Amino acid sequence: MDLKSYLLLGELLKKRPATDRENRAFGLEHPLEQNNQIKQLSLWKQKHIAALKKPSEGDLFFSYLYIATMVLGVLVFIIGLFSGIGLLGYSGREPVNIVYFLTMVVFVPLCTMVLTILSMIQAHKPQNLLVHISPAFWMEKIFERLSSGKHPAMQNFKLDPRVGNWLVIERSQLFAWLFSWGLVVALLGTVVAKDIAFAWSSTLKVSPEEFHAFINMIAFSWRDWFPAAVPSLEVIEQSRYFRLGEKIDAGMIRHASMLGEWWKFLLCAALFYAIVLRFGMYLLAKIGLMRALKKSILNQKETMQLLHEMNDPLIVSSANEAHVSLEKSIHGYLRETTKLNTSYHAVLGWSYSKEEIAVLCDMAAIKTPLMLSVGGNNSLEEDSHAISRCKQEVLVCVKSWEPPTMDFVDFMQALEGQADKITVLPLGIPQDSYLPRSKALEVWAKKLASINNDKVWLKV
Amino acid sequence: MSVSHPKFAVVGHPNKGKSSIVSSLALDDSVEISDTPGTTVRKCSFPLMVDGRILYELYDTPGFQRARYVLEWLKQHHVSADKKQEVVQVFIDEHRKDERFRDEVELLEPIMQGAGIIYVVDGSKPYGQEYEAEMEILRRTGQPSMALINLIEKDDYVQEWKRALEQYFKMVRVFNPMSATFKKHLQLLESMAQLKEEWIAPMKISIRYFERYHEQMLQQTAQTITQLIFASLSHVEQLELKDKEAGSVEEKKLEEMYKKTLRGLEYESQKNIETIWHHGHLQKEEKGLMFEHMDLFSKQSASIFGLTQKELIVTAATGGAITGAGVDLLFAGHTLLLGGAIGAVIGGASAYFGFEKLAKIDVLGQKLGQKYLQMGPMENQNFPFILLGRALYHAQSVASMSHARRERLKLEMNEAFKNQWLDENARKSLYRYHKKFQSKAQTDTKNLEAYEKLILEILRKCIDG
């Protein structure tokens, strides 16, 4: 996974361009990628990339980074070039001390590479001192300040600090590499354009033999197959330079051609330490960055959610269509009474037995010549027969907890043809002393109102 | 009659909790449930689908309205027992366009298409003869059937219902959708599987998927809680300073901003958890399932969900001692265990002195640049336990809340809850991670994963018992 893919994928994940069903369908369409999450995510990104509006935040960041890298890259190359020219500056009066150049192409790269390895080890921590002291980090900051800045859409753009660490490490290597190329070009240019007398000099008591051994050690990687690029002891002896005297030693002038031999060694040292090894570090940083990108994207909660949606079976247990409701307002008319008569022409018990009706009448001190059981287990014919016997005022006892069905409505409509007044008495359960609950009464009132007949009364 | 997957029609008298049962079994709180009879007017299918494949299907149906008419119609057609089913089908065909029998046609249709019958009654109300017509009609369909006694209210008439229902149904079970646990839910599915031999295998698969689904929801909840704790503990609030110096007004303002952000994080997390557990209706409410009059930073919250000062000191001292013991180990005991002792003292003292304090407020910024006040990350060692306790309690309440429930549920304070999930080992482990989250630099994915695992275990204990 590269940086651009990471940025676009991160942005796409936040946008959620597909539903969980679509994601699962995608997962099932690509069964082979189930074990390769990055590939699966990459395919998913390709499918939905059109959902991002152009230019996306990822595009903007990437192009900003590209421009910053280009500008800073050119800048460090130029700095390297001028540094090289400065280090190899030869006036003709005194030779060029190779120790300075060697420091820049061998010792500084080795030291910074050690620091790079340390910062790589610590790169998983969001706050990494070594990363923050890297020149690339500060160059970036200065560039940000000096340039017209980031695109307004990117002001709040946040990058995972761990990815940020690797990005700084990787770009540091790239800049160091370009800087080294600047030094190499400067060396080649100076060697081609000038006849330079190289020498070495040190305040320390270093004998030519020791220095030769040291040079041999530095040249370990090319001394066997390119011995010409390793200065001989004689060259080292002849090119030792002492500042006292303020002029070039006569012996040096005699062996002027020998002094120029050093350039091959310097070039090989620069190519090996500052170019090849640094390039190796750059590749290592690139691998680290790719791993950090992979880790970062896989640890995002949106990614976990997407992978879960793609790879886990989609279990749906809810309705696949909207539930149809009957919550329609019933407009009707219903009379209510709070008192019962002492006598009725008939007392009917809807789903009550005759015995139960008798008990209810006793309790309410109601007198009636006719007690009939209707509804419940009775046949429709029995109900019709009961209705035919009713006239004048009729009391219908109902179980308040049993909501009225259309069967009851049919019965009431038939009864109103026979009786002059029908009082419906909803009763509660015996444990409640037959008193109905208010909610149950509401339900009965609503249903009776739908009959819309002024003969029907509700005892409340 | 070929049946590709098990189907079950939930039928019964109006207003006996059919929709509640379906809602609970389907984990779907979008089902219209009302105490007004006749809320359901059309049958509605609730399939359990895995990757688009239906494993079983539940039908919510309207209640019987004219059962006696239907039964008399059926009785008028004298046929031998093997033809009774066909008569029911003829009734459906003949009355499909008859508005008077719309409800009966709607409820009988899935049954005649092979659905098993789940007949629902209210066991908190007395048995009545008016149910017999309905049961007789269902018997005539010839489909496998079971009865569910739903206890809508507190009165108990289960025994008399059982006696009546056992005459008509192969199986009678008591199931309260409002209080049924996940285990009861699965037990009911197992009972439903027994209705027909060929349904046993697919229903077993369904149960396995339900278990997997439940596990997925637990994992997502643990993940959400982990993210909440980490985000809250590591949060840093900043306030740009207009003047070069910060006064108490600015400090107070910053503290309010800090608290508001943390409250917001808790709110978002609660909403996510409600979505995970399919309680979408809570989403429609302004506040969802919130702690009434109990702010995240209130003393009440601290006393119910947090650790006592003593518990915190012991935990912090233990944590400090373990860290110090590491130093002792490094010096092979030559420190005379001073490391452990010093660690314990530092840990205990920081818990003692920082019991009330939330987080440090610093003035940051360059001398010539913009100065700003900064608060966070959270330093209080009790706060993570308060936040976690609240999150777990909320998650437990949401996870165990029936999908049939429509009224707003208040989160009541429960002082015993802490003892239910927080033992000494959990306290020590959690404390260690909280300390890491509070120092943001030390947190990596592995810590978050380990913490999530710990939370998952606690959630299992809280939700599954």
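Trainee: At what angle do helix H3 and helix H4 of chain B pack?

Mentor: This is a predicted model, in which local features need pLDDT of at least 70, side-chain atom pairs count only at pLDDT 80 or more, and totals for chains, interfaces and linings use all residues. Residues are numbered from 1 along each chain as its sequence is written, while chains are lettered from A and ligands numbered from 1 in the order in which they are written. H3(B) covers residues 84–95 and H4(B) covers residues 102–112, with axes 10 Å apart; helices (H or I, at least four residues) and strands (E, at least two) are DSSP runs, numbered from the N terminus. Axes are lines fitted to C-alpha atoms, for helices over the stretch in contact, and angles run from 0 to 180 degrees between N-to-C directions; here the angle is about 135°.

Trainee: Which residues of H4(B) does H3(B) meet?

Mentor: Contact means that C-beta atoms, placed from the backbone, lie within 7 Å. From H3(B) come B:Val88, B:Gln89, B:Ile92 and B:His95. Their partners in H4(B) are B:Val105, B:Leu108, B:Glu109 and B:Met112.

Trainee: Which strands are at the edges of the seven-strand open sheet?

Mentor: Strands pair if DSSP finds at least two bridges between them. The order is S3(A)-S2(B)-S3(B)-S1(B)-S4(B)-S5(B)-S6(B), with mixed pairing. Each edge strand pairs on one side only, and they are S3 (315–316) of chain A and S6 (171–174) of chain B.

Trainee: Which residue in S3(B) stands opposite B:Val10?

Mentor: Strand S1 (residues 7–12) and strand S3 (residues 53–60) of chain B run parallel, joined by four bridges. Opposite B:Val10 stands B:Asp60.

Trainee: At what angle does helix H8 of chain B run to S3(B)?

Mentor: H8(B) takes in residues 197–234. It lies across S3 of chain A together with S2 (44–50) and S3 of chain B, and its angle to S3(B) is about 90°.

Trainee: How do H9(B) and H14(B) lie, roughly parallel or oblique?

Mentor: H9 (residues 248–276) and H14 (residues 383–399) of chain B have axes that come within 10 Å and cross at roughly 25°. That makes H9(B) to H14(B) roughly parallel.

Conventions
Contact = placed C-beta atoms within 7 Å. Parallel < 35°, antiparallel > 145°, perpendicular 65-115°, else oblique.
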